[in-house]
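The sequence and structure come first.

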Amino acid sequence: MFERPDTGNRALLVALGSSERDYEESLNELHELAASACLQVVGVIGGGRNRIDPSTYAGSGKVAEIAAHLAELEASVVVFNNELSPAQERNLERALQCRVVDRTTLILDIFAQRARSHEGKLQVELAQLDHLATRLVRGWTHLERQKGGIGLRGPGETQLETDRRLLGKRVKVLREKLHKVERQRATQRRARTRGAALSVSLVGYTNAGKSTLFNALTHAGTYAADQLFATLDTTSRRLFTPAGRNIVLSDTVGFIRDLPHELVAAFRATLTETAQADLLLHVVDFASTDRDRQILEVNRVLTEIGADRVPQILVCNKIDRVSIEPKVVRDDLGGLTSVSLSALSGAGVGLLRDALDDFFTVFDDSGNQVWNQSESQSESQSESQGESQGENQVENQDLGADAEMIRIEGLAAVPAGGRVSTDASQVQVDVNDAPWTGAQEGAFARARSS
């Protein structure tokens with residue numbers, strides 16, 4: 001019989017990699033993960049690994065080295081900076097006689113510690129059970145014993161089958177609850193759309209300073225700390241720009257390299273908010289030497305959740321650590337590409353507020369400002385109005401084919417400089433069909449008077 005050893009907080013880190021640069025960055029990240037999980041790191045064992053041992057991942061020689069360090073340092077848990085299979089994890093625990101944790105399990109444990117909201121706890125529990133399901137298969141021999149006792153003898157289900165069945169039931173309940181949460185979020189998005197509120201989400205690598213920037217922009221006072229995954233639950237606050245634009249800013253969970261697939265799947269309801277946003281503020285730790293790879297990793301996760309088509313502004317944070325002045329960078333066409341700032345000191349935060357106004361503002365040929373409605377906002381608004389009130393219609397516009405088109409919220413495309421007939425037989429617009437903002441009324445009035 002094999003019983004899993006009890007765990008403790010004295011950790012021995014094992015980092016095996018092939019690339020020297022990736023190895024150093026990965027080892028530093030593992031140190032931060034261990035600290036975030038409240039583990040006391042007592043030693044590190046490193047080394048290269050060109051071939052993975054199918055039995056123990058590290059090989060017999062490295063396992064013997066780990067065992068010697070365990071006895072010397074009196075460590076109670078071994079943390080691998082790699083993903084271990086259930087068989088490898090079991091074989092290592094048998095050989096070392098202590099608890100063995102891989103990178104995925106460590107991240108899941110951190111998420112379990114940080115979850116505060118009901119939704120966050122549901123998502124973390126689902127991710128943990130999905131991960132545990134793979135560990136039930138021939139994981140421990142005592143689970144293979146059949147039930148015994150008076151009236152229970154004979155061919156019944158084994159303990160392993162019982163645990164798998166109970167786990168499956170719990171997973172089904174959690175998925176149903178999260179589906180309800182997803183419907184509630186969809187209702188909230190439709191309400192924001194009807195209120196003409198723009199949705200902006202903060203995304204980025206973990207510990208890039210998203211929560212600090214969120215507090216600097218909204219004065220929300222949410223928890224922010226120099227640690228990995230300090231923020232787990234999504235927080236939204238209203239943000240007003242210098243031009244008085246109505247924006248809902250959301251602080252989301254940070255990403256990390258090799259983010260467990262179970263977490264991405266479980267947090268899909270939360271991450272959908274990111275995919276449905278009008279704009280993403282991609283926060284980057286500009287003081288990190290590994291920032292380029294972190295940007296690629298964040299973009300990979302955004303692609304996985306379907307948010308790769310949402311417009312982005314790169315926010316280069318922590319410039320106070322590298323002595324760079326706050327600035328706004330634009331492309332050759334004048335479009336915003338990045339803003340350099342320090343969320344901690346507040347330098348450059350005003351530039352970001354102005355950049356948000358610039359992004360959501362365009363001009364027609366007469367120099368008049370017109371709200372710039374993003375593709376995701378247009379689709380969401382059409383869906384919302386189609387379900388609840390129906391779409392406004394503008395028909396029979398007798399205008400030049402070469403006229404430049406501008407968007408007016410709630411109406412069909414109206415060419416700049418063209419004429420919209422006020423004949424009721426040609427134009428059918430029910431202004432009571434949906435609430436109009438001042439910007440909408442002004443844009444429509446200018447179109448009618450031109």
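## Nonpolar cores

Which residues does F111 touch, not counting residues up to four places away in sequence? They are V124, F229, L232, V253, L263 and F267, where contact means heavy atoms within 4.5 Å.

The model is predicted: local features need pLDDT of at least 70, side-chain atom pairs count only at pLDDT 80 or more, and totals for chains, interfaces and linings use all residues. Residues are numbered from 1 along each chain as its sequence is written, and side-chain values use heavy atoms, leaving out hydrogens and water.

F111 and F229 have the most contacts inside the largest nonpolar core, which has 48 residues. Such a core is a set of buried Ala, Val, Leu, Ile, Met, Phe, Trp, Tyr and Cys residues joined through side-chain atoms within 4.5 Å; buried means under 20% relative accessible area (1.4 Å probe, protein chains only). Another core, of 25 residues, lies apart from it and includes L198, L213, L352 and F359.

## Helices 7 and 11

Helix 7 (residues 210–218) packs against helix 11 (residues 349–359) at about 75°, with axes 10 Å apart. Helix 7 is therefore roughly perpendicular to helix 11 (angles of 65 to 115 degrees). Helices are DSSP runs of H or I, at least four residues, and strands are runs of E, at least two, numbered from the N terminus. Axes are lines fitted to C-alpha atoms, for helices over the stretch in contact, and angles run from 0 to 180 degrees between N-to-C directions.

L213, A216 and L217 of helix 7 meet V349, L352 and R353 of helix 11.

Four strands form an open sheet in the order 2-1-3-4, with parallel pairing (at least two DSSP bridges between two strands). Strand 2 (40–48) and strand 4 (99–101) are at the edges, each with a single partner strand, so one side of each lacks a neighbour in the sheet.

How values were computed: Buried means under 20% relative accessible area, exposed over 50%, partly exposed in between (1.4 Å probe, protein chains only). Angles under 35 degrees count as roughly parallel, over 145 as roughly antiparallel, 65 to 115 as roughly perpendicular and the rest as oblique.
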